[in-house]
Amino acid sequence: MVELRHVTKRFGTHEALLDASFEIKVGEFMTFLGPSGCGKTTCLRLISGFDTPTSGQIFIDGKDVTMDPPYRRDVNQVFQNYALFPHLSIYENIAFGLRMKRVAPADITRRVERVVQMTSLTDYVDRKPAQMSGGQRQRVALARAIVCEPKVLLLDEPLSALDAKLRTQMRLELKQLQKKLGITFIYVTHDQEEALTMSDRVAVINAGRIEQIGTVNEIYYKPATRFVASFIGDTNIVEAEILQSDSGKLLCRVEGGLELKINQPDIKPSSRILLSLRPEKIRLHRTDSGGLNCFPCRIAMETFKGAMDEFTLVTTSGLELGAILANDGTPGGDFHEGDQVFASIQPEDIHIVAE
Ligand SMILES: Nc1ncnc2c1ncn2[C@@H]1O[C@H](COP(=O)(O)OP(=O)(O)OP(=O)(O)O)[C@@H](O)[C@H]1O
Ligand SMILES: [Mg+2]
């Protein structure tokens, strides 16, 4: 549906997007995720046609649209700053796109009423944008784009102004809507939880570079780089050296001396690598479990988080590791600060990441 080939965008000497190449399939929910200023909005503006790339090509539905203006592209964008018409009522703001397309009045009424209900704006249709709160305006911007049912909908942080409860509700509704209408969604957020709950695939952007594109499972469980691993959820990143490498089974020594087995493609001994260990994959035991990768440590800190406990573990070699344990009432599962315990992690739960 959408393809970027080696797209670069420079503002003066600043590289806002660097050599981006990817394809987005029909009906896919794709999210651009990254910290503020990494180039997410820039990427959307290039796809919608509000900016042109410094180099590279953009295709929509198989057609090269690199130099086409926005109105020649079958895309609609929900802007980060809403961009509503101040002089029009909320109803007319939402109906605007359909009126421009000369949709029959009866259809306009039906379609506008449907999205008004969907976005909980029923009580506000007669107001002007200035009489609305930020979150309400954001919903109008969303309604105005959805009502046109474009082939591709570009959404720039469309839920950022909503309160936590409404945001969670809108996440589900947007996802359901996207499935029902079959529209390709390109969604921008810096909220990793939002990205994980809604997307089919996520592109993680760091300082204008796409560090990884993959399904939510891939980017969470198989992060390619240190940045991706630490931006998506919490993780422990440790340096290690390969000691032995034998048909996919590696033995490595972590900083401080702890030895861990990992399952990864062969890497030659004495190579330096970075490992990502998710805190929820670390298990705690009262005694040595006798299994793989079981090592003694002390609970240096315990933080109660309601449904779970967060621990800072310190190994005998002085390595600090974060661990998370569900407060699920498992017998013998109540570990506390100061306890001497054993921690373990399965080889398949340890991943090598690039710098
Ligand atoms: N018109 C412009 N002129 C000069 N620099 C720009 C322009 N637009 C964006 N930039 C710069 O390009 C970089 C990427 O900006 P962009 O708006 O794409 O970030 P973003 O990822 O959307 O961030 P945020 O999460 O804060 O919205 C930033 O450093 C920004 O200052
Ligand atoms: Mg932005």
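Guide: The discussion below concerns salt bridges in this predicted model.

Visitor: What is a salt bridge, and how many does the structure hold?

Guide: One looks for a side-chain nitrogen of Lys or Arg within 4 Å of a carboxyl oxygen of Asp or Glu. The structure holds 17 such salt bridges. One of them joins the side chains of arginine 5 and glutamate 3, with 2.9 Å from N to O.

Visitor: Which class does each partner have in the salt bridge between arginine 45 and aspartate 51?

Guide: These two side chains meet at 3.0 Å, N to O. Arginine 45 is partly exposed at 27% relative accessibility. Aspartate 51, at 18%, counts as buried, because buried means under 20%.

Visitor: Which salt bridge links distant parts of the chain?

Guide: Consider arginine 226 and glutamate 355, whose side chains form a salt bridge of 3.0 Å, N to O. Arginine 226 lies in helix H8, residues 226-231, whereas glutamate 355 lies in the segment after strand E20 (350-353); the partners are 129 residues apart. Arginine 226 is partly exposed, with 31% relative accessibility, and glutamate 355 is exposed, with 68%.

Visitor: Which residues do salt bridges with shared partners join into one network?

Guide: Glu239, Glu241, Arg253 and Arg272 are joined in this way.

Note on methods:
Residues numbered from 1 in each chain as written. Chains lettered and ligands numbered in written order. Predicted model: local features only at pLDDT ≥ 70, side-chain atom pairs only at ≥ 80, totals over all residues. Heavy atoms only, no water. Buried < 20%, exposed > 50% of the residue type's maximum accessible area, 1.4 Å probe, protein only. Helix = DSSP H or I, 4+ residues; strand = E, 2+ residues; numbered from the N terminus.
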